[in-house]
Amino acid sequence: MNIIDMHCDTMYKIYHEEEKSLRENSYSIDIQKLKKGNVIAQFFAMFIDKAWIDENHLDIYQHAKDFYRQVVSQLEANQEDIKQAVSYKELLENKKKGKISAFLTIEEGDFLQGKLERLEEFYHLGVRLITLTWNYENCIGYPNSFNREQMAKGLKPFGFEVIERMNELGMIIDVSHLSDGGFYDCIKHSKKPIVASHSCARSLVNVPRNMTDEMLKLLAEKGGMVGINFCPRFLGKEKDKVSRITYMLEHIQHIKKIAGMDAIGLGTDFDGIEGELEIKNIAQIHHLMQALEQAGFHPDEIEKICYKNVERILRECIG
């Protein structure tokens, strides 16, 4: 089964920690594990940690450019197996050549600092998805929060400019981490499908990073989707710190019931999550596929979850 994973933080680990190799490492994702897992495309997040930026007195925009250069150097060092893709067409071309497609994303929109030209700059560098906020307020909007007042806040004026320009350029709008108010603004104003690249169902686990049933329905009506996050605290019971396959199945079954099969994908969040993982790395992703089959999912449905729904998003949003 082909696999497309919509979110991982592997490049952040490579950038910040001692192991600097995408080819082989002790993380949950590397070239060898991607090949073993039959992954045809991996979305690599350039996660920008604003707290770390401030602590080290760095310029967030220059940091984003440096991070990008480091990511590209990793891809170039492994170009026989993996290649950056900027379109659905390039995904197909890479697959024909036996190469994994790397889609580059940025997690934390504050690198824009109110300047639309920076959005265009990173589009031309090949970034095709932006997670609008992380866990801090930024120039686009507000993050998810247990604070109801903050959670209700929508996009800032610049945020509306950003989603309009992302639509025009051909970039995927990612609402994982965004406030509920910001989500509703994106749903209302985006002319293209939007995604929650690494979230689960809030009615099963009541954390603000997950999507309510109403949000799941609206995502589906817009043609969007949610990527199931493998983080234990988004999946299971509060006292159970284990990311269990049974919990993943519960979320997938619930989203299927509420939003339909076209709204479900994978957004593992590998290398950005903590806790005990039943599926420890991307090479073990077949265990989820087997569980889906045993739970009665049709092969066509499993294909949609594994890669076909993301392929549709790529066609519709970035061409």
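Axes here are lines fitted to C-alpha atoms, for helices over the stretch in contact, and angles run from 0 to 180 degrees between N-to-C directions. Helices (H or I, at least four residues) and strands (E, at least two) are DSSP runs, numbered from the N terminus. The model is predicted: local features need pLDDT of at least 70 and side-chain atom pairs count only at pLDDT 80 or more, while totals for chains, interfaces and linings use all residues. Residues are numbered from 1 along each chain as its sequence is written, and side-chain values use heavy atoms, with hydrogens and water left out.

**Exercise 1.** Describe how helix α4 packs with helix α6.

Solution. 
- Step 1: take the geometry. Helix α4 (residues 60-77) and helix α6 (residues 116-124) pack at an angle of about 5°, and their axes are 12 Å apart.
- Step 2: find the contacts, meaning heavy atoms within 4.5 Å. From α4 come Y61, A64, K65 and Y68, which meet R118, E121 and F122 in α6.
- Step 3: sort by class. The contact of α4 with α6 has four nonpolar, no polar and three charged residues.

**Exercise 2.** Is Q74 buried or exposed, and what does Q74 touch?

Solution. 
- Step 1: locate Q74, which sits in helix α4.
- Step 2: Q74 has a relative accessible area of 13%, so Q74 is buried (under 20% is buried, over 50% exposed, partly exposed in between, with a 1.4 Å probe and protein chains only).
- Step 3: leaving aside neighbours within four places in sequence, Q74 is in contact with M11, I14, K20, S21 and L22.

**Exercise 3.** Work out the setting of strand β7.

Solution. 
- Step 1: five of the five residues of β7 (residues 195-199) are buried, so β7 is largely enclosed by the rest of the structure.
- Step 2: β7 pairs with strand β8 (residues 225-228) in the parallel sense over three bridges; pairing requires that DSSP finds at least two bridges between two strands.
- Step 3: the bridge partner of V195 in β8 is M225.

Note on methods. Nonpolar A, V, L, I, M, F, W, Y, C, P; charged D, E, K, R; others polar.
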